[in-house]
Amino acid sequence: MSSVESKLHHIWVAPPENAPALQHVAHAQLMILLRKAEANLPELLTRPEAFDTKRIVSFVLSAAIQGSGSEIQDSDAKIVRDAAISLLQERLKELQPGAQKRIVLPTPSAVNALSADFGGRLAKLERFISAVDKFLPSLRASKDSKSPDTDKTPKVDAEMLVGLLLALIVLRGGQASMAVLQEIFNRIGTQKLAVAGTWAWLDIRIGRGSGAKQLRRVYLDLLTVGVWIRAAKSADELRRTQSTISDIRKCFKALLARLQWGDSEDSRLTLDELCQAQRDWINVHSVPLLASYARGDITHSSLSEGTWLRLLGYVAEAAKETERTADATTDITLRIATDSVTESRRDYQLHAGDMDSDPNSVVVQLRQIMQTPFASWSASLSEFRDKLPGTAEQPSTARLVVGWLAQLKQHPIGTGTQLREGTIRTLRGLIVNRLLTFLPGSIHDIDGEQLSEYYTEIIEDAASYQQKSRIAAGLAQFDRYARTVYESLPQATLPGFDGGGSEASALIISEAEYLHLLSRTKDGSIAYVSSQQAIEDRAFLLLAFRFGLRRTEILGLQLRDIRCANKKGHLLIRDNTAHELKTRNGQRVLPLNGLIGEELSTLEGLVGDRSPDCYLFYDGLPTASQLRDHPVVARVRTLLKPISRDARALHPQNLRHSFASLSAFGMLAADMGLEGSPYFEAWMRDSIAAAKPLFEGLSGNLHRMGARGSALSMALGHVSEDITFKHYTHVLDLLLFHACTVARMLERADDKSLSLRRGEVKAINAVFGYNADRGLTTHGIESVLRSCGEKSPQHLQVFKSHVEQKKAPAAHHLVTIGELLEAAPDESARGFPKRQSERDTVCALLVQLNAAAMQDLAGTISLLHRWIERKMADPDWASFEPKDAERFSRDCSKLMPKVLLEIEHDVFIGRRHHRRRVTSAEFHEELKSGLGKFYIRFQDPRGKDAGLRSRTQSSVTWCCLALVRMPESDASSGQNTNTSTAE
């Protein structure tokens with residue numbers, strides 16, 4: 001920084017960090033214009049009060065006109081220039097408050113030119129779309145080509161096909177960024193498209209400063225998939241010489257040469273102009289936010305592939321390999337903490353208010369160490385570190401922080417500079433206190449998004465803008481040290497933070513999954529110590545999922561903050577004695593009219609008749625440690641684990657992301673009228689229904705129509721919309737695709753349902769080589785995509801659904817675990833499922849038995865009776881003669897194929913009994929001898945990887961006994977419809 005820049009007058013200071021992006025761009029342009037005007041107005045930057053404000057505006061405006069001249073044709077450049085002049089006039093009001101503001105407007109001719117540019121681009125866009133529609137039928141595959149793989153495409157046609165593909169991705173996918181198109185071009189022919197149901201997509205990653213990347217999912221409609229396959233077959237030859245932006249522009253020109261245009265002006269259309277025109281179209285016909293996303297101005301991470309597939313009812317192949325149990329048992333294998341002690345108690349981490357008063361706090365002891373001579377710090381810090389909780393491999397946060405200070409004293413920083421005593425003292429004061437206040441007791445098991453939010457809170461806690469940069473720099477030093485201890489620590493993604501490198505953890509759950517979690521807390525499948533724990537779990541889930549509250553905000557709620565006397569109640573998020581909000585934006589009022597079903601009664605049940613001063617999850621005033629380590633957090637995290645199918649467990653923080661993403665989709669999709677599309681999923685409709693009451697309660701019609709993003713940011717307690725859409729909503733790509741496909745390829749029929757246009761069907765059939773009497777008219781989008789995957793496995797990866805096709809409902813089933821526990825409540829009975837592992841075993845067995853009962857209820861009950869009648873003194877085994885054993889095993893295999901048997905053979909050898917486990921082949925072989933006895937029991941269905949099955953086998957026996965002893969009217973009436981657990 002030069003000496004002149006360091007002495008800038010205060011009126012030229014940059015806008016605050018959370019100001020809109022246009023203000024920052026306008027300020028940067030203003031500084032350029034001021035430096036140009038300084039040639040005629042010396043000291044303009046350092047002493048602007050020496051000049052008349054009108055004179056300053058005149059010279060700056062002159063500099064703007066001279067600098068741009070006639071070459072500024074882009075509307076964005078004009079907007080920035082006018083914004084810079086307006087910003088200048090606002091700033092100059094400080095020098096001359098009484099001066100009248102001069103309104104800078106373009107001349108009438110400039111207005112006409114601007115209007116002509118905008119309208120002209122849209123008109124040219126429509127002519128281009130019409131030309132492409134007329135051209136597409138000419139792509140019908142040759143009748144002489146027996147196989148698409150034998151089709152040899154000349155180089156010029158390869159360029160045309162790639163140009164057509166890029167044009168369709170712009171028009172139908174909304175991807176109007178040259179950087180994104182370049183990434184797509186590089187993957188044609190080298191990366192497979194992913195296909196699931198009616199969806200096809202391509203995942204790319206775009207770098208966004210400081211090494212951080214964002215996952216961007218590019219969705220392709222059926223027509224674009226067909227062009228992708230054809231372009232990919234000749235892309236290898238094309239890519240030998242082409243790999244730059246200029247090369248993809250050349251491909252687009254090859255397309256233009258094949259189109260039939262109205263005049264020569266249209267034929268000079270460029271790919272850049274097509275992108276600009278498409279952004280204009282999105283801006284007018286959809287939502288301006290999506291136009292900014294299409295341009296690439298918004299850092300946004302799409303949903304992780306595993307989450308996206310799960311929402312569609314599919315599962316990634318990699319995730320299948322990690323599943324521990326077969327069939328439906330994965331969904332019910334839960335590990336719920338049943339005690340009140342969590343693994344990571346933050347004994348040394350105190351609230352900021354306690355750090356100075358508690359002599360045992362880390363901060364006080366660090367201050368005492370730093371009052372000693374500088375030379376003794378290394379030994380003292382190392383000794384203090386070793387006394388703190390944790391191990392060298394998995395230290396607590398307190399141990400990690402002290403170890404970092406010891407490392408700063410012993411070793412130089414990355415630049416090779418040895419830190420001085422004062423610098424280390426400053427870092428301790430700026431960073432250590434905040435690390436101990438904001439970070440959890442241990443950071444080795446958190447995900448990247450959580451770490452990013454913790455770091456953001458630390459940086460935002462700064463007292464001034466200048467202090468933020470110093471805190472961020474010190475935090476980056478700590479982050480680099482932490483990675484030497486935790487090599488697997490996820491990357492934190494923050495603008496300008498050099499410790500980050502990967503995209504956010506974009507994991508969410510759907511409305512249906514949330515409702516399923518609520519049902520699990522009350523259907524008996526979870527071994528709660530008390531009913532209070534179940535109520536706490538439901539309350540935490542609904543506050544996090546329905547309102548997007550942070551963990552500390554939920555645990556810090558007082559009863560006086562919940563006004564649920566009627567359906568129009570509200571929820572107050574504010575400071576109290578136990579919990580202090582980090583920013584003013586965190587203080588907010590949220591309506592309770594978005595709660596449905598029993599959710600409101602859940603809150604009322606937790607409130608009860610206690611004093612308004614009590615806390616929702618505590619009887620008294622919670623300490624900082626209790627506020628962060630309540631057992632409900634661990635239980636909810638365990639509840640979420642089975643849902644995630646992408647090898648990463650969900651965290652309570654992801655419930656906040658779920659609220660933000662589903663609410664953003666629900667409120668914007670409702671405004672855009674996207675329902676009815678063949679690409680509209682059930683979870684999307686649920687999002688619209690859930691978002692409506694909440695945002696109706698937040699504001700009136702004017703706010704709902706004009707400030708959707710502001711309402712969502714307010715609900716989340718964010719400083720600006722920028723944070724909301726950058727880090728918490730992961731659905732802008734979906735909204736963009738819907739906005740383009742609904743308008744471009746679909747038409748609304750008389751019955752208000754959306755269907756493919758006739759011309760669209762004709763173009764798709766031509767691209768895929770179908771005759772007019774087949775193709776989409778008889779097969780449908782999903783069938784065509786699946787067929788493409790079979791014919792072109794080198795270009796498409798087709799996922800298979802993990803959701804079984806539902807058969808016609810049967811008349812009977814057995815029971816749910818809740819009904820079984822109610823019918824056999826004796827907890828002293830052998831095998832009664834008290835522990836969670838035992839409860840999981842019973843649930844898994846009921847899944848299998850109910851499947852059999854759906855086919856033959858009487859036969860299933862009869863088999864269980866036959867086993868019980870032959871039970872021995874050894875309580876988990878039944879004794880069968882050879883013929884009876886053969887008949888029983890055959891009947892089980894026929895009626896209950898998913899229920900596995902364990903068989904042991906007891907036979908005399910000499911004068912001694914020999915009893916050993918036999919395999920299926922050995923069992924059939926030894927039956928022929930007709931000797932001895934066979935002992936049979938039902939195998940624990942949780943599998944070998946679920947823990948020690950020997951401890952839960954008795955619960956299998958208890959389940960069978962309880963079933964056969966239930967009154968016949970309960971076990972076999974078939975009138976019960978509560979089958980959520982068993983099915």
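1. Two strands are said to pair if DSSP finds at least two bridges between them, and helices (H or I, at least four residues) and strands (E, at least two) are DSSP runs, numbered from the N terminus. The model is predicted, with local features needing pLDDT of at least 70 and side-chain atom pairs counting only at pLDDT 80 or more, while totals for chains, interfaces and linings use all residues. Residues are numbered from 1 along each chain as its sequence is written, and side-chain values use heavy atoms, with hydrogens and water left out.

2. In the sheet ordered E10-E13-E11-E12, which is open and has antiparallel pairing among its 4 strands, E10 (878–880) and E12 (912–917) stand at the edges with a single partner strand each, so one side of each has no neighbour in the sheet. Strand E11 (residues 901–909) pairs with E13 (residues 933–938) in the antiparallel sense over 6 bridges, and Glu904 stands opposite Tyr935 in E13.

3. Another open sheet, of 3 strands, has the order E4-E5-E6 with antiparallel pairing. Here E5 (residues 570–573) is joined to E6 by 4 bridges, and Leu572 has Val589 in E6 as its bridge partner.

4. Turning to helices, the axes of H22 (residues 531–547) and H27 (residues 652–672) come within 6 Å and cross at roughly 35°, where axes are lines fitted to C-alpha atoms, for helices over the stretch in contact, and angles run from 0 to 180 degrees between N-to-C directions. The residues in contact (heavy atoms within 4.5 Å) include Phe540 and Leu541 in H22, and Leu655 and Phe659 in H27.
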